[in-house]
Amino acid sequence: MFRPRAFTVRLLVVLLGLGGLASAESATVNIPLADGRPILEIVQPQLWPAELRGKPPTALVSLWPEWVAREDAAIRTRVQAGDEDSIINFLLFGTSFTKQPRATETQLAGILVRQRESGATTFLPSPLLKGRIEDFIAGLASPAGNERLHFAREVIARLGMDLSTEAGRMRLRRYLEDRAALVGSAVHASTLSDPNASLVDQITIFRDRGLSSDSAIPIEFGIEQALVAIAADGTIAPASVRRVAIIGPGLDFTDKQEGYDFYPPQTIQPFAVIDSLRRVGLAASAGVQVTTFDLSPRVLGHIATARTRAKQGRPYSLVLPRELDRSWSPELTVYWQRFGDRIGQPSSVPAPPPAAGRVSVRGVLVQPSVVLAIEPRDLNIVLQRIEPLAPGEQFDVIVATNILLYYDVFEQSLALTNIAKMLRPGGLFLTNDRLLELPAAPVRSTGEREVTYMKLPDSSVKGDHLTWYQRP
């Protein structure tokens with residue numbers, strides 16, 4: 001099921017010229033055993049991949065390429081599970097297919113009525129969830145020009161559910177109820193701190209989840225705050241950043257925080273990073289070139305289409321919603337107000353529907369030249385990298401936010417190795433994911449920044465802890 005999809009992605013890369021910004025001699029290569037062996041020697045055996053545990057060193061030589069191929073296929077299949085999560089977020093928070101109120105994080109407990117029986121916890125759909133499901137199914141039957149509903153139909157067809165039959169619709173109802181309980185409970189659990197959870201469990205919390213492509217604007221503010229600190233301490237010289245890689249740039253479908261669906265799907269982070277680098281004074285005068293690494297055909301195709309339009313002189317339209325009932329920090333509010341002023345100009349925006357709640361909206365038209373500075377590339381950062389990269393082609397900065405927590409410790413360590421191999425000496429890897437800094441790690445943490453996004457109803461705060469790692 002997976003391999004034709006992977007072939008389609010690679011064919012898309014060839015046909016649309018998604019070769020990235022490296023020279024013609026560079027290629028996507030798999031991580032060799034020589035890079036994996038030092039990690040295997042340090043991490044505890046129970047953290048090894050099951051297929052490699054207990055194997056003698058001589059056997060690893062033949063087993064390693066086979067394991068890499070299987071793991072690549074397994075990770076890419078998780079993109080499909082992430083698509084299913086995006087569909088459920090659309091069900092819970094979307095407003096384009098229903099007049100039901102959209103859920104917020106604090107309302108998830110109302111969406112899913114928890115019932116305890118015989119010591120076990122089950123979830124029963126609330127009236128709000130039931131109403132949303134019926135409206136969702138009706139929307140799927142007649143999606144008209146709704147891009148998200150069309151994509152949801154594709155996902156549901158891929159799962160083998162036939163909307164044209166009552167049996168198929170009943171199966172879909174049960175699937176949506178069960179998946180909503182799974183996604184909703186995971187979102188709720190991720191907001192809680194478990195004092196009994198091990199460090200490994202905390203930093204790999206989503207290792208069994210699908211790879212989601214959803215995004216939101218607060219993390220872009222977090223990245224800018226980290227870049228301000230990096231510029232202030234002189235870790236990177238002013239006007240010196242020419243090449244940036246973004247791992248998992250995201251596609252704003254309908255996420256669980258700031259996601260809305262009254263405008264087309266959009267990617268934010270590639271534009272936000274260029275915008276911030278210019279504002280902070282780190283961008284090279286000749287401009288910043290960005291390569292985005294992703295596994296999702298949807299994300300790769302979206303950026304490729306944006307580039308095609310930019311070649312015709314068409315700007316990229318960004319819509320930036322702000323939910324007024326969320327107590328954003330003053331600094332995040334200022335960031336939202338000026339977002340895009342270094343890469344485009346203000347634009348008119350669609351009016352949000354009443355069901356979207358109290359929301360203020362800004363629009364930015366990104367200059368075509370900025371869009372053309374971004375190139376997508378199909379790459380699995382856990383197992384792959386671009387090689388060889390000449391000194392002038394290595395990356396000054398690589399960014400990965402809300403990505404590595406989807407992998408286990410061994411996979412995270414492999415990813416760090418691939419990242420380091422693509423960084424120039426002195427280059428930085430910036431992330432908000434907590435990582436184990438193993439002795440074999442080819443990068444070392446050199447700075448960190450705590451960023452507050454908003455105050456929650458219980459008087460706690462929500463934010464991010466960003467860390468940057470430097471290649472010696």
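Colleague: In which sense do strand 13 and strand 15 pair, and over how many bridges?

Modeller: Strands of a sheet pair through backbone hydrogen bonds, either parallel or antiparallel. In this predicted model, strand 13 (residues 423-431) and strand 15 (residues 461-470) are antiparallel partners, joined over 4 bridges. Within this pair, L430 stands opposite W468 of strand 15.

Colleague: What is the strand order of the open sheet of 8 strands?

Modeller: The order is 7-14-15-13-12-4-5-10, and the pairing in this open sheet is mixed. Its edges are strand 7 (327-328) and strand 10 (374-378), each of which pairs on one side only.

Colleague: Which strands does helix 10 touch where it packs on the sheet?

Modeller: Helix 10 (residues 269-280) touches strand 4, strand 5 (289-294), strand 10 and strand 12. The direction of helix 10 makes about 145° with that of strand 4. Helix 11 (residues 297-311) lies across strand 5 and strand 10, and runs at about 150° to strand 10.

Colleague: Where does strand 6 pair, and in which sense?

Modeller: Strand 6 pairs with strand 9 (residues 359-366) in the antiparallel sense, over 8 bridges.

Colleague: Why is strand 6 described as largely enclosed by the rest of the structure?

Modeller: The description follows from burial: 7 of the 8 residues of strand 6 (residues 316-323) are buried, and therefore the strand is largely enclosed by the rest of the structure.

Colleague: Which residues of helix 9 and helix 10 meet?

Modeller: From helix 9, the residues are I219, E220, I223, E224, L227, V228 and A231; from helix 10, they are Q269, A272, V273, S276, L277, R279 and V280. By class, this contact has 9 nonpolar, 2 polar and 3 charged residues.

Colleague: Is L227 buried or exposed?

Modeller: L227, a residue of helix 9, is buried, with a relative accessible area of 3%. Apart from neighbours within four places in sequence, L227 is in contact with S276, L277, V280, L282 and L430. The C-alpha atoms of L227 and R449 are separated by 9.5 Å, although these residues are 222 apart along the chain.

Colleague: How do helix 3 and helix 14 pack?

Modeller: Helix 3 (residues 57-93) and helix 14 (residues 409-422) pack at an angle of about 100°, and their axes are 14 Å apart. That makes helix 3 roughly perpendicular to helix 14. W64, W67, E71 and I75 in helix 3 meet F410, E411 and L414 in helix 14. By class, the contact has 5 nonpolar, no polar and 2 charged residues.

Colleague: What should be noted about the backbone at A144, and at the peptide bond from E387 to P388?

Modeller: Most residues other than glycine have a negative phi, and most peptide bonds are trans. A144 has a positive phi, near 50°. A144 is in the loop between helix 5 (127-141) and helix 6 (147-158) and is exposed, with a relative accessible area of 65%. The peptide bond from E387 to P388 is cis, with omega near -5°. P388 is found in the loop between strand 11 (384-387) and strand 12 (395-400).

Colleague: Where does A239 lie, and what is the value of its phi?

Modeller: A239 lies in the loop between helix 9 (218-233) and strand 4 (243-247). The phi of A239 is positive, near 55°, and A239 counts as partly exposed at 43% relative accessibility.

How values were computed:
Residues numbered from 1 in each chain as written. Predicted model: local features only at pLDDT ≥ 70, side-chain atom pairs only at ≥ 80, totals over all residues. Heavy atoms only, no water. Buried < 20%, exposed > 50% of the residue type's maximum accessible area, 1.4 Å probe, protein only. Helix = DSSP H or I, 4+ residues; strand = E, 2+ residues; numbered from the N terminus. Pairing = 2+ DSSP bridges. Contact = heavy atoms within 4.5 Å. Axes fitted to C-alpha atoms, helices over the stretch in contact; angles between N-to-C directions. Parallel < 35°, antiparallel > 145°, perpendicular 65-115°, else oblique. Nonpolar A, V, L, I, M, F, W, Y, C, P; charged D, E, K, R; others polar.
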